[in-house]
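Have a look at the model first, then read on.

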Amino acid sequence: MTDSIIRIGLFGLGTVGQGFLRVISIARNAHAEIARICVRNLAKPRNIYVDPKLLTTNADDILSDPSINLIVEVIDNAEASYHIVKTALERGIPVVSGNKAMIARHLPELIEIQRSTGAAFLYDASSCGSIPVIRNLEEYYDNDLLLEVKGILNGSSNYILSRVFDHGQSYADALASAQALGFAEADPSFDILGYDSLFKLVIITVHALGVYVNPDQVLCHGIAAISDFDIAYAREKGWKIKLVAQVVKVSDDKFTMFVMPEFVSPSKYIYSVDDEYNGVVIRGECYDRQFMFGKGAGALPTASSILSDVMARRHDYRYEYKKMSYIGRPDYTTDVELQVYLRFTDPAVLDAIGFTAIDQRYTSATASYVIGRVSAERLRAAADILARPDVFLCNIPRFFLDRD
Ligand SMILES: NC(=O)c1ccc[n+]([C@@H]2O[C@H](COP(=O)([O-])OP(=O)(O)OC[C@H]3O[C@@H](n4cnc5c(N)ncnc54)[C@H](OP(=O)(O)O)[C@@H]3O)[C@@H](O)[C@H]2O)c1
């Protein structure tokens with residue numbers, strides 16, 4: 001593609017799509033033009049001027065146009081996104097996408113299609129907005145030294161927790177201000193229940209360790225049930241609570257991954273990742289820790305990442321998924337012991353989860369909690385119980401493999 005003009009078929013003209021029109025208009029070296037834009041509703045008012053002749057609601061106007069040599073897919077519907085991306089790759093058209101929900105569920109099939117047709121699929125924007133975590137994991141960390149990728153991958157929940165811990169707002173007020181500012185959707189469950197972080201973690205794990213894990217097999221607990229009691233508990237210790245996603249090697253041949261609120265002490269890099277920002281800590285043998293910080297969402301930060309992938313296609317860049325064929329890839333396990341704080345009101349919750357050991361126990365008229373050890377598998381299997389509104393679970397971080 002190096003010498004030719006990139007003719008882009010754009011799917012989606014919402015937050016990211018409009019941001020992309022802005023960044024592409026100032027990207028002098030992209031040598032790219034928007035050939036067609038597919039949206040859901042032609043009559044919808046837009047914040048930017050778009051030549052009406054470019055707009056269509058028919059996906060095939062893009063997918064069957066032989067002059068279009070790159071598709072940028074930024075729609076908000078995972079099912080439609082899957083059909084668009086799959087069809088494009090099957091027809092040999094490269095695609096850039098930011099749709100984490102779709103990618104996390106369909107990546108193995110989309111990798112196979114890339115291998116059979118040779119069409120490239122790039123998606124750095126899916127996993128931390130403007131932070132180039134995927135391409136770095138794919139290229140720079142292409143060795144056996146990587147031990148852990150851990151961080152704050154969701155800007156909305158981080159904004160809410162920052163308002164609570166740094167500005168003294170109640171959780172309900174913080175959620176309302178996140179929605180008013182557009183950091184959280186009208187239905188914020190995708191963010192605050194942890195699924196957005198989970199989907200990003202699944203994608204990150206493919207590029208970190210070369211292993212795909214279905215999101216349904218991963219322990220995922222969000223911040224929806226956090227209470228003033230939990231907040232006061234953390235404050236008393238000088239900690240913050242953050243929603244943290246992590247993939248971590250627990251031995252030479254095993255790794256685990258989960259999304260859970262975590263008590264974070266001031267000595268940790270992610271302690272200072274506030275508001276809608278994301279932060280990712282990469283830990284490895286021989287080099288200890290590295291930290292990437294930046295905007296994980298929003299029109300222009302996300303569009304910058306899409307532009308970077310478009311530019312990468314100009315140089316025929318593609319993910320090679322090299323780690324997927326490495327010898328001795330680690331296996332995913334949930335058979336690991338975690339140390340957690342569990343707050344509940346009904347004692348049956350504690351019995352149902354089945355801790356291996358309880359180190360601390362507190363009971364009062366308003367709330368009870370335990371701090372104890374429990375396997376990740378027990379917690380994963382108890383997802384229904386943990387989803388009760390009177391139950392809050394928080395990780396107390398531990399090192400699994402200390403090789404620094
Ligand atoms: N917003 C962020 O900060 C951010 C960050 C990283 C990744 N992402 C990902 O980027 C994608 C887009 O997010 P967004 O925030 O820009 O969403 P958005 O503001 O809700 O916009 C979605 C766009 O998709 C269009 N659309 C929906 N279904 C369609 C279909 N079947 N065919 C054609 N167009 C369709 C809509 O058309 P109409 O305008 O006509 O309704 C709209 O323009 C999502 O996958 C999201 O997860 C977003």
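## A buried serine

Buried means under 20% relative accessible area, exposed means over 50%, and partly exposed is in between (1.4 Å probe, protein chains only). S375 comes in at 17% relative accessibility, so it counts as buried. S375 is part of strand β16, residues 368–375 (strands are DSSP runs of E, at least two residues, numbered from the N terminus). Skipping neighbours within four places in sequence, S375 is in contact (heavy atoms within 4.5 Å) with T334, V336, E337 and T356.

## Ground rules

This is a predicted model: local features need pLDDT of at least 70, side-chain atom pairs count only at pLDDT 80 or more, and totals for chains, interfaces and linings use all residues. Residues are numbered from 1 along each chain as its sequence is written, and side-chain values use heavy atoms, with hydrogens and water left out.

## Rings on rings

Rings of Phe, Tyr and Trp (its six-membered ring) pair if their centres lie within 6.5 Å; planes under 30 degrees apart are stacked, over 60 edge-to-face, and the rest tilted. The structure has 20 aromatic pairs. Among them is the tilted pair of F190 and F199, 5.7 Å centre to centre with 40° between the planes. F190 is partly exposed at 33%, while F199 is buried at 7%.

F263 and Y341 pair edge-to-face, at 5.3 Å and 85°. F263 sits in strand β10 and Y341 in strand β14, so this pair ties together parts 78 residues apart in sequence. Both F263 and Y341 also belong to an aromatic cluster with F229, Y233, W239, Y362 and Y369.

Methods: Helix = DSSP H or I, 4+ residues; strand = E, 2+ residues; numbered from the N terminus.
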